[in-house]
Amino acid sequence: MKNLTADQIRQLNMYSIYTEQPERPLFTLQSLLDPKQTEHVLTTVQAISDSPNRTVAASYFMRRLGMFIAMQFSNLAMYDEIWNGQHNRLVFGAKEEYGKLAVSMFAVEEDWRTVDDEERRDVFRRILVEVCGAVIQQIRTVASISPLTLWENIFGFLLWQYHVLLANPATEYEARADLDMLKDDALWNGIAPSSLFATYLKGNEPSALLNTKVRTTCCFSKDVPGLIQCGFCPLR
């Protein structure tokens, strides 16, 4: 069991991740991955986000989950820790953020653990395969949306995180090693022919891509009431 510091909890909250129980629980990650429940889950996301259709709702959800994924890689670089709970212990709930209901994430502190150096690559693979890849594949069974759009929804948050981590001398070394791992084609074996994140970066440093049209697909945030067009949109 890990006792998260006040600073760690503050950082989680910045990414719409909370360690208390949700007042309005909606579903779990396990529910989303259950073929019998996926459609209902996405309908719930559409209702809470006020998205105009299921495609926009799917993209909205993946942007929310993208914050959780970015938190995982950030925790690895900063603390050598990850959230290691079962899928039924990552709860999504309706929470008011900036005056509007949002689909937020709730995870208990006891599910964080320390990661040893020798298992780091395996942890990366599990995040990419068992969370990112599995969720993208399942969402696309009930929504017509490009897998690249969903991957890019994750990458936008990773881009910012590695910009911050690489600029900090305290995390630069670990962040560089982790970034190199994410750009390694072998890590993506079975997911894609080559590293999707390396393709996204196009040989650039994360900092060089801030406020650029780095995306090749639109995330539809402009179509969600209360949100605006993202800074990476190719349609700008």
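Predicted model: local features only at pLDDT ≥ 70, side-chain atom pairs only at ≥ 80, totals over all residues.
Residues are numbered from 1 along each chain as its sequence is written. Local features need pLDDT of at least 70, side-chain atom pairs count only at pLDDT 80 or more, totals for chains, interfaces and linings use all residues, and side-chain values use heavy atoms, with hydrogens and water left out.

Helix α1 spans residues 6–14, and its buried residues are Gln8, Gln11 and Leu12 (buried is under 20% relative accessible area, exposed over 50%, with a 1.4 Å probe and protein chains only; helices are DSSP runs of H or I, at least four residues, and strands runs of E, at least two, numbered from the N terminus). These three cover an arc of only 100° around the axis, so they sit on the same side of α1 (the arc is taken from the directions from the helix axis to the C-beta atoms). Turned away from that side are the exposed Ala6 and Met14. The buried set packs against β1 (17–18), α4 (54–79), β3 (81–83) and β6 (112–114), with contact meaning heavy atoms within 4.5 Å. After α1 comes Ser16, with a positive phi near 60°.

Met14 turns up again in the largest pocket: along with Tyr15, Arg63, Met67 and Phe157, Met14 lies nearest the centre, out of 46 lining residues. (On a 1 Å grid over the protein atoms alone, a pocket is an open set of points where a 1.4 Å probe fits, with protein on both sides within 12 Å along at least five of seven lines; lining residues have an atom within 4 Å of a point.) α1, α4, β5 (100–106) and α6 (147–167) each give the lining at least two residues.
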